[in-house]
Amino acid sequence: MTFSPSYYRLLKRFSPHWRLVAQMLLAMLITAVTVATVPFLVQRALTGAVVVNNLPLLQTSLLMIIVLSVTGAVAFFTSQYLRIKASDQLGIGLYREFFDKLLAQPSSAYAALVENRQIETQVRAIRHITYSTVGAIAGLAQDCLIISVLLVCVSHYNREMLLLLLFIVPLLALAAGAARDSAGASAVKVNAGIRQLTDQLLQAVAHYRLIKLDGGQACESERLSKMSESIFCTGARYAIAKALWSAIGRVLFVLLCCALSYMLALQMMNGEIGLPEAGALVTAALLLLLPLRRLAGLPQRLAHDRIILDDVFAFTNQVSEPSSTVTAKPRMRGKLVFEQLRFSGENGAPSGLVGLTVHPGELIVFKGFDAHKKQALIDLLLRVQSPLQGKVWLDDQPLDDIPLNVLYANIALLPADTFWLDGNIAGNIAYGFKRCAHEAEITAAVRDSHANTFIRNLPGGLQARIGEDGVNLTRMQYQLLAIARAFIKDAPVVIVDQAEIPPTADAGLLDSALVRLAQHRTTLIFSPHIPRLHRIDRIIEDK
């Protein structure tokens, strides 16, 4: 069994937590020593019961075995506890690296990630690695320590038996591993055959008209029957191989028992060892069975986990998009030019704007644009996608020539959907690079957006938590928070993706907040209707 580079890379992740790992290995060593001491105490108990007829010696030995078992159990629990703590730290680090890599992916990659459910797969894979894979590696270390100290114990009593164990035990492990490999290979091939058969069945059902029209039912039935026979033949072949290796393993185990029994009986007849020593050797051999059995199934488990581990590290090794972190960047005026713009709309149909210039501080309403066209225009402004033809200019610079972090520093987005970006109200307003904003800035943004009309009534005010364990907000309240976030960012270009909001008594607050936000800012509002605003410079309707 050999470790892949991914396993070495995983183990290196524990270096920052070396204290926990060292304590865990010490607890494992104590567990192994307590197991290896049991045969010596069995020898003392048999000596007291059979050789010297010393009842106190027998009782003391049995009591020491009980105490030793409790000590070993405590040491085992401690090693597991420390392993879980180290695994938690590893998992937190892996998740953080995954989050950083995910959020730095090129914008064009997100659709495929969502469609292929790769994000969910990666989250599950990291959790599997954190607990299952690390647990398997820790179990390997524990079992190796137990086997090592038990072999030392056997060597102390009888070196001939040690040599016999070293010869027979690998054969038993080989037979058990071969049986498991046969079962695994059988499952893979049978599952592949079943998938192929299912695909053919679905194809036959989809073309049933042609099959019936041409009288092909008998031909299809014969063809599918041959495929099913192949599946059963494959499964039977591997099942026979597994049964053969299992039989060989049974024979080897019986031979080992016979050889050990014969060796012990012969040495006892020759007076080389007594009954207490023979009992100690039998105890050591029995204690070896469980860790050896666990080790026999470990290679297949680690081979399966290696695939998961390789996938996780392959994702984190991907090339990231340049950082879009926005700090103090040059502030632009907000002039936008759409030059003979054509882009991909719904179902790939080309759409576009023949020519449009938005002057700094203008408020433009894009009315009646369907969801695909609206999202395409927003994505073009955010450089999530590229136009099929033409260019978008910002302050007489092509968007592609503006560094992404500079572009994002000069654009604020008010999304149509309702979601929270942080756990509390203040975190939703002072978000991202503005998370260190002063309380005075947050308070001013809350006042200008009219969000104070509901925040002051919340328990905790700005520190009130949002979501399942906190307060529930209305769609309009979420949008007021988004406007407050835009005030904090103070970008010269504002994109408003406006959704339908049922009319309420305080709906005018939203319009008033939008008017105040749009002052001295280039504002693009995508709305299914004309907003009730005091100032609209132009309305562009989709034709």
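Predicted model: local features only at pLDDT ≥ 70, side-chain atom pairs only at ≥ 80, totals over all residues.
## Helix 1 and helix 10

Two packed helices are described by the angle between their axes and the distance between the axes. Helix 1 (residues 5–12) packs against helix 10 (residues 298–316) at an angle of about 70 degrees, and their axes are 9 Å apart. Because angles of 65 to 115 degrees count as roughly perpendicular, helix 1 is roughly perpendicular to helix 10.

Helix 1 contributes Ser6, Tyr7, Arg9 and Leu10 to the contact, while helix 10 contributes Leu302, Asp305, Arg306, Leu309, Asp310, Phe313 and Thr316. By class, five of these residues are nonpolar, two are polar and four are charged.

## Helix 16 and helix 17

The axes of helix 16 (residues 475–489) and helix 17 (residues 508–518) lie 10 Å apart, at an angle of about 15 degrees. Helix 16 is therefore roughly parallel to helix 17. The crossing of helix 16 with helix 17 is left-handed.

From helix 16, the contact involves Met476, Gln479, Leu480, Ile483, Ala486 and Phe487; from helix 17, it involves Leu509, Leu510, Ala513, Leu514, Arg516 and Leu517. This contact has 10 nonpolar residues, one polar and one charged.

## Two residues with positive phi

Most residues other than glycine have a negative phi. Asp395, however, has a positive phi, near 55 degrees. Asp395 belongs to the loop between strand 4 (389–394) and strand 5 (397–398), and Asp395 is buried, with a relative accessible area of 13%.

His450 also has a positive phi, near 65 degrees. The loop between helix 14 (439–448) and helix 15 (452–455) holds His450. With a relative accessible area of 15%, His450 is buried.

Methods. Residues numbered from 1 in each chain as written. Heavy atoms only, no water. Axes fitted to C-alpha atoms, helices over the stretch in contact; angles between N-to-C directions. Helix = DSSP H or I, 4+ residues; strand = E, 2+ residues; numbered from the N terminus. Parallel < 35°, antiparallel > 145°, perpendicular 65-115°, else oblique. Contact = heavy atoms within 4.5 Å. Nonpolar A, V, L, I, M, F, W, Y, C, P; charged D, E, K, R; others polar. Left-handed = near helix turned anticlockwise from the far one by under 90°. Buried < 20%, exposed > 50% of the residue type's maximum accessible area, 1.4 Å probe, protein only.
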